[in-house]
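Please look over the sequence and the structure before reading on.

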Amino acid sequence: MAAAVVTAGGSDFSDLREIKKQLLSVAERSRERGLQHSGKWAAELAFALEPLPLSELPPPPVLTEEDARDLDAYTLAKSYFDLKEYDRAAYFLQGCKSQKAYFLYMYSRYLSGEKKKDDETVDSLGPLEKGQVKNEALRELRVELSKKHKAQELDGFGLYLYGVVLRKLDLVKEAIDVFVEAAHALPLHWGAWLELCNLITDKEMLKFLSLPDTWMKEFFLAHIYTELQLIEEALQKYQSLIDAGFSKSTYIISQIAVAYHNIRDIDKALSIFNELRKQDPYRIENMDTFSNLLYVRSMKPELSYLAHNLCEIDKYRVETCCVIGNYYSLRSQHEKAALYFQRALKLNPRYLGAWTLMGHEYMEMKNTSAAIQAYRHAIEVNKRDYRAWYGLGQTYEILKMPFYCLYYYRRAHQLRPNDSRMLVALGECYEKLNQLVEAKKCYWRAYAVGDVEKMALVKLAKLHEQLNESEQAAQCYIKYIQDIYSCGEVVEHLEVSTAFRYLAQYYFKCKLWDEASACAQKCCAFNDTREEGKALLRQILQLRNQGETSSTDVAAPFFLPASLSASNTPTRRVSPLNLSSVTP
């Protein structure tokens, strides 16, 4: 039966059988070169498509004269390579001329250098300065690969390795050009696309890349959109890939779950991860993200089960260590949690999540210098990790260094412009630095983008209160109370009682006895404002008995003041506070 013609963003997905052949072929070619992760990615994606009949299976790669000459050395070296004996593999591949054997020779030398570097890093895991431990093989590899590159003797895999070497030497611009070249030479190799993802810092940069127009580009764009926190665009791409025929792909399902995790749609992310676990029960990738969600929801039994389950599958995987670390953190055993995050980093010093989580644990243990070190490592691994920037901001806040924390919160806000937590943190920083206009803008923007912690309006109201802008303060408190009760959440009584107390006093000053009386009655429901509420009710009763009438000159504030609409947010009309429906 012919596959339906489905296109995703301009790339043709009409022939899924041909795509499956390409995936099977590149999975085999990747494995031959020791590129296990790229091979696994292609195999997982191929598995999501319908099986091919025998007559349509891709033929084995054609051997050249050079391949035949190098076959014995390649076969022996590959067996050493698979056992992680990289120097031994490289020794037997010296002088090989075929593309495949030459790649394995250079890749063995690169991995040997990386292994030695990682071993040295592990031996001194702690406050390491950037560049203290180096892969000594990189410079030699660059010189050799550069010559081959100029002579145009590198295939897609060779270009990928050359790009990796350039990236490791911090030659970012050159690395990007080479990875783009590698994507053109071999569009099916996922590793080159993934490396490119790690070097792109914003959407503008993405626009100027000349990428091959292939169906693989759609997977790349979906991935980079997730990384750049452009979650809506990412979800649209993944949906179009599902519609194109990849609905069974566990890779796509996991990426969608991660995307929902990034926008803090916790319930949706949890349900997708649970579905993923049913389809692929022995999967370990992304399970640390799943454990973050269980941690946020304080789901102790589920997190305990996940930790035990992953331990049975493979206790020496970085994700497993992070899950166990999260479990101990939820039980407030922070020393044990930090120990497991350290174990994860011994397994992979470049594992971003573990550095960030370790920073959080040191923060809990009040060890600010160690927390700063951990967060800095996380940023070194990936400058797009907003959690590490935010963590650094919090650390410097504890150290009472507002100028420092303003810088880090700004960086976190740039990465997550619509995250209210970053905006509230920025607002608090500006407040400490007495930049009150900026603080107001931040709190208002936090409210406008959807305040997850329901604190922005209260902070804004207190700021207005401080500046004697009583009408604006009352306005914010009214909106805060309406929002709290409309969402039906269990409310922080302290802030709600503060809001009612202020409104009672405000209406009292405006001689609006009915409104003041209603708010004062609400104050009586809270321990901390009960006495003030009763005192105000007595005063109102006394004034009414003396024949004082309600003021008609001063109207209650029902509009958000224009000064708060500085961030191009339309002024919202606020209906009068209906206190009859508000029951604490």
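α3 gives the most to the lining of the second largest cavity: four residues. This is a predicted model. α3 spans residues 65-82. α5 also supplies at least two residues of this lining.

Which residues line the second largest cavity? They are L63, D67, D70, L71, Y74, S98, K100 and A101. By class, four of the lining residues are nonpolar, one is polar and three are charged. The space inside comes to about 40 Å³.

How many cavities of 30 Å³ or more does the structure hold? It holds two. α5 gives the most, with four residues. Sorted by class, the lining of the largest cavity has six nonpolar residues, two polar ones and one charged one.

| Cavity | Volume | Lining by class | Element that gives the most |
|---|---|---|---|
| Second largest cavity | about 40 Å³ | four nonpolar, one polar, three charged | α3, four residues |

Now to the backbone. Most residues other than glycine have a negative phi. Two asparagines deserve a look here.

N286 has a phi near 70 degrees, a positive value in a residue other than glycine. Where does N286 lie? It sits in the loop between α14 (266-279) and α15 (287-296). Is N286 buried or exposed? N286 has a relative accessible area of 17%, so it is buried, the cut-off being under 20%.

N434 is not a glycine either, yet its phi is positive, at about 65 degrees. N434 belongs to the loop between α23 (420-432) and α24 (436-448). Why does N434 count as exposed? Its relative accessibility is 59%, and exposed means over 50%.

Both asparagines lie in loops between helices: N286 between α14 and α15, N434 between α23 and α24. N286 is buried, whereas N434 is exposed.

Definitions and conventions: Residues are numbered from 1 along each chain as its sequence is written. This is a predicted model: local features need pLDDT of at least 70, side-chain atom pairs count only at pLDDT 80 or more; totals for chains, interfaces and linings use all residues. Side-chain values use heavy atoms; hydrogens and water are left out. On a 1 Å grid over the protein atoms alone, a cavity is a set of points where a 1.4 Å probe fits but cannot get out, and a pocket is an open set with protein on both sides within 12 Å along at least five of seven lines; lining residues have an atom within 4 Å of a point. Grid points are joined across faces, edges and corners, and a volume is the space filled by probe spheres set on the points. Ala, Val, Leu, Ile, Met, Phe, Trp, Tyr, Cys and Pro count as nonpolar, Asp, Glu, Lys and Arg as charged, and the others, Gly among them, as polar. Buried means under 20% relative accessible area, exposed over 50%, partly exposed in between (1.4 Å probe, protein chains only).
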